[in-house]
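Please examine the sequence and the structure shown below.

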Amino acid sequence: MATFAEALAAEESPLVAYGARIAGDKARTRIVIDFDRKPDFQVRYIAKPDRIVIDLPATVFGFPATDLVARGLFEDIRYGAIDASSARIVLTTAKPARLVLSDIQPDEGGKGFRLVLDAEMATEAVFAELVKGQVWEQAGPASVTRGERVAVPENTRSGDFVVAIDAGHGGIDAGATGAASKTAEKDITLAFAKILAERLNKEPGIKAFLTRDKDDFLSLSERVTMARQGGANLLVSLHADTLRQANIRGATVYTISDTASDHMAAALAERENLSDEVGGVARTAEPAEVTDILIDLTRRETQAFSIAMAKSVVSSFDGQVGLINNPHRYAGFQVLQAHDVPSVLLELGFLSNKDDEKLLLDEAWRVKVADLLAQAVRRYRAPVVANGG
């Protein structure tokens, strides 16, 4: 019989998911995951894209990735830690689906418990009701607690122009997936962010730092706060999304606006703003800072600087890197919301396009684009510094 100390240690240690299996078709699919102990869990539904989310306590996923490869109703399956006390499984559905069974059952061999998830196809209306009817509670810490992770460059002088480079997505939030290579967007953005930071740090008077330097989840609010805490004069957020139209390709630069420039920009912003929900962060209404006239004036000035940076990027890319039609667009991206830090979101290309995907994975292309971005930052910085900004 276990002692009290042994029982307490078991409660504090992470769960171990030591086995998994999936079977089924596009009508019904079953997932079974084996745990060493009985897990508490919650089920959530997220739209655009449609996902079923399983929240767990801290869990070590010890089974081979090949044991839980997406099939049947699911086109993508991700799992991992959110923070020290929680983990998450994200099931992206190929079409609307719902769980008709989510149950914990004891293992017949006495090895622990298994989580059984039975999904079946559903109508869009049914899925919409599931999303609408649930109570969303914060799965992780509500406040920004990771500002100390900002790797502000050493030897930064007061006159340096500081650039925060934000690699989109990370951790449980993998972002888009390459159509051919199946490479996750989070890996592409981080690899490019590191190259860009290294390149910018070679520029006299410019210092760059990363909001994340490894495969971590960061909320959108954390990214903005970390840019501020790092003293950034500019935030560049990097992405490589997918579109339903596989023929569309090329880079796009976005700045923030309450009104989107077009339908594609609006849809993209809506998807990117849902990143927090994948990572367990509840969406809340932003404070009405605009009621403060001084903040409103700062916001207007910042938006003008952001537009200037976007134009500088387009100018550098023109004739050197493929650009989408109307390459400067705008929408309500939350990661661009800092009223006092000029910010742009750069879609390097689209993982849904096979030609863009090849370039995004090409080291030489990444270096070339980083050089062009450094030129854009240098050209943008010159008048800002001259005017004392």
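**Briefing on the predicted model**

Val43 is found in strand β3 (residues 42-46); helices (H or I, at least four residues) and strands (E, at least two) are DSSP runs, numbered from the N terminus. This is a predicted model, in which local features need pLDDT of at least 70 and side-chain atom pairs count only at pLDDT 80 or more, while totals for chains, interfaces and linings use all residues. Residues are numbered from 1 along each chain as its sequence is written, and side-chain values use heavy atoms, with hydrogens and water left out.

**Val43 and its surroundings**

- Val43 is partly exposed, with a relative accessible area of 28%; buried means under 20% relative accessible area, exposed over 50%, and partly exposed in between (1.4 Å probe, protein chains only).
- Not counting residues up to four places away in sequence, Val43 touches Ile52, Val53, Ile54, Leu99, Ser102 and Gln134, where contact means heavy atoms within 4.5 Å.
- Val43 and Leu99 are 56 residues apart in sequence, and their C-alpha atoms are 8.8 Å apart in space.

**The protein as a whole**

- The secondary structure comes to 9 helices and 15 strands.
- Of the 389 residues of the protein, 49% count as buried.
- Among the contacts with a separation of 6 or more, 76% are between residues 24 or more positions apart.

**The sheet of 6 strands**

- Strands of a sheet pair through backbone hydrogen bonds, either parallel or antiparallel. Here two strands are taken to pair if DSSP finds at least two bridges between them.
- An open sheet of 6 strands, with mixed pairing, has the order β11-β10-β12-β15-β13-β14.
- β11 (206-210) and β14 (323-331) stand at the edges with a single partner strand each, so one side of each is left without a neighbour in the sheet.
- From one strand to the next, the twist averages 20°; axes are lines fitted to C-alpha atoms, for helices over the stretch in contact, and angles run from 0 to 180 degrees between N-to-C directions.
- Helix α4 (residues 220-229) packs on this sheet and touches β10 (161-167), β11 and β12 (234-239), its direction making about 160° with that of β10.
- Helix α5 (residues 263-273) lies across β12, β13, β14 and β15 (343-347) and runs at about 60° to β14.
- Strand β13 (residues 251-256) pairs with β14 in the parallel sense over 5 bridges, and Thr255 stands opposite Tyr330 in β14.

**Strand β15**

- In β15, 5 of its 5 residues are buried. Ser343, Leu345 and Glu347 lie on one side, with Val344 and Leu346 on the other.
- β15 pairs with β12 in the parallel sense over 5 bridges, and Leu235 stands opposite Ser343 in β15.
- β13 and β15 run antiparallel and are joined by 3 bridges; Val253 has Leu346 in β15 as its bridge partner.

**The sheet of 5 strands**

- Another open sheet, of 5 strands with mixed pairing, has the order β5-β1-β2-β9-β8.
- Its edge strands, β5 (59-61) and β8 (97-106), each pair on one side only.
- Strand β1 (residues 15-24) and strand β2 (residues 28-35) pair in the antiparallel sense over 7 bridges, and Ala23 has Arg30 in β2 as its bridge partner.

**Nonpolar cores**

- In soluble globular proteins, nonpolar side chains tend to be buried together. A nonpolar core is a set of buried Ala, Val, Leu, Ile, Met, Phe, Trp, Tyr and Cys residues joined through side-chain atoms within 4.5 Å.
- The largest nonpolar core has 43 residues, of which Val163, Ile165, Leu200 and Phe317 touch the most other members.
- α9 (363-386) is one of the elements that supply at least two residues of this core, and α9 gives the most, with 10 residues.
- Apart from this core lies another of 27 residues, among them Tyr45, Leu56, Leu91 and Ala119.

**Aromatic pairs**

- The structure holds 6 aromatic pairs. Rings of Phe, Tyr and Trp (its six-membered ring) pair if their centres lie within 6.5 Å; planes under 30 degrees apart count as stacked, over 60 as edge-to-face and the rest as tilted.
- Phe61 and Phe63 form an edge-to-face pair, at 6.2 Å centre to centre with 85° between the planes, and both residues are buried.
- Ring pairs link Phe61, Phe63 and Tyr79 into a cluster.
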